[in-house]
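Have the structure open and follow along.

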Amino acid sequence: MPDDPIILTNCRAATMLSSETAYGLVENAALVLQGDQIVWVGPAVELPQTYVNLPARNLGGALVTPALIDCHTHIVHGGNRAVEFEMRLQGASYEQVARAGGGIISTVKATRAASEAHLVDAALPIVDAMIAEGVALIEIKSGYGLEREAELRMLRAARRIAKLRPVDIRCTYLGAHAVPPEYTGRADDYISNVCIPILRAAHAEGLVDAVDGFCEGIAFSPAQMARLFDVAVELGLPVKLHAEQLSNLGGAALAARYGALSADHLEYLDEAGVKAMAAAGTVAVILPGAFYTLRETKMPPIDLLRQHKVPMAVATDMNPGSSPMVSLLLAMNMCCTLFRMTPEEALAGATVNAARALGLQGRGQLAAGQRADLAVWRCEHPAELAYRIGYNPLIHRIFGGVF
């Protein structure tokens, strides 16, 4: 039975706890699980006597880490944008595609036409691929409906996924993702008449865990985002923000003023924004998939984030336009190769710091009291997870203590 305690033996444990060893690595480790909780982790020789005679599972020298967490995705949507991929290869920029009526708006049209069942069916293969790479928790944003029923339908579809697959889902309302065609040139009216009322309706239905927005010249200004965030605060919902992806509008500093869980993308982030995030405890979510797909050259300021001790999370940003990437392992590799993050930073970014970016306690580390979401890997060293490209070394994913 899942509630019966069990010992996992003969493994290395990358606990991702702060310690003198990289990755919080424990050699020849043992872990004791009971129900959906970790109750003990440490060197096998130090296993308390009370656990010695429990049933044991020999992991054959495998590496154990916290299960992975993808803290920024747009998995639920209609259609795809493969044709726009071709356009960009022919020289069109992301902004040019958007201003020509493509980009987010093209996905809005497909999403508005999709039923909840269709949205779920389209998302499940992506979710399955993430689960197969050791992911146990996925954040899913709305933002491709941009009108009441379609936005609510997206959020309901995201909630539905957690009932159909062994994965936890966090739902983020991203109504301030783009100005829909019917409100062209009237972004303020859209925020007042559509975006805020939908947020209130979604919150009343229990569909929202956090509120996000796209603060950019082709989307919404800091002042417009502040109006939405004021309502989020009123409703007791945490906020996060797509910020400084294409230019520096001060979005990260705005997010920090609201105590945001995270600011995401951040290629154009300056030191003032970094300092604001550090003071607020706001996590920097690094998204190499969009950087790669859009062939950007401006990199996020990783050294500044390190210098000011801003936690860095890593996510796929899985979306149909700027980051059609499903693999969080690949995102970890890209962060190292493109942005010079270390493999340890990348793994922390997909575990403990990803949990922080979602405001979650008890996730993302191997320690007593943490949820028993673990990944068991065919690896000798944790750096292998960010080192290989196109290879999945997962042996087992343990979700809530269940193999």
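## Helices α6 and α7

Start with helix α6 (residues 187-204) and helix α7 (residues 222-235), which pack at an angle of about 20 degrees with their axes 10 Å apart. Helices here are DSSP runs (H or I, at least four residues), numbered from the N terminus. Axes are lines fitted to C-alpha atoms over the stretch in contact, and angles run from 0 to 180 degrees between N-to-C directions. So α6 and α7 are roughly parallel to each other (angles under 35 degrees count as roughly parallel, over 145 as roughly antiparallel, 65 to 115 as roughly perpendicular and the rest as oblique).

On the α6 side, the residues that meet α7 include Ile191, Cys195, Ile196 and Leu199; among their α7 partners are Leu228, Val231 and Leu235. Contact means heavy atoms within 4.5 Å. By class, the contact of α6 with α7 has nine nonpolar, three polar and four charged residues.

## Helices α4 and α5

Now for helix α4 (residues 116-131) and helix α5 (residues 148-164): their axes come within 9 Å and cross at roughly 50 degrees. That makes α4 oblique to α5.

Glu116, Leu119, Val120, Ala123, Leu124 and Val127 are what α4 brings to the meeting, while α5 residues there include Arg153, Met154, Arg156 and Arg160.

## About the model

This is a predicted model: local features need pLDDT of at least 70, side-chain atom pairs count only at pLDDT 80 or more, and totals for chains, interfaces and linings use all residues. Residues are numbered from 1 along each chain as its sequence is written, and side-chain values use heavy atoms, leaving out hydrogens and water.

Terms used: Helix = DSSP H or I, 4+ residues; strand = E, 2+ residues; numbered from the N terminus. Nonpolar A, V, L, I, M, F, W, Y, C, P; charged D, E, K, R; others polar.
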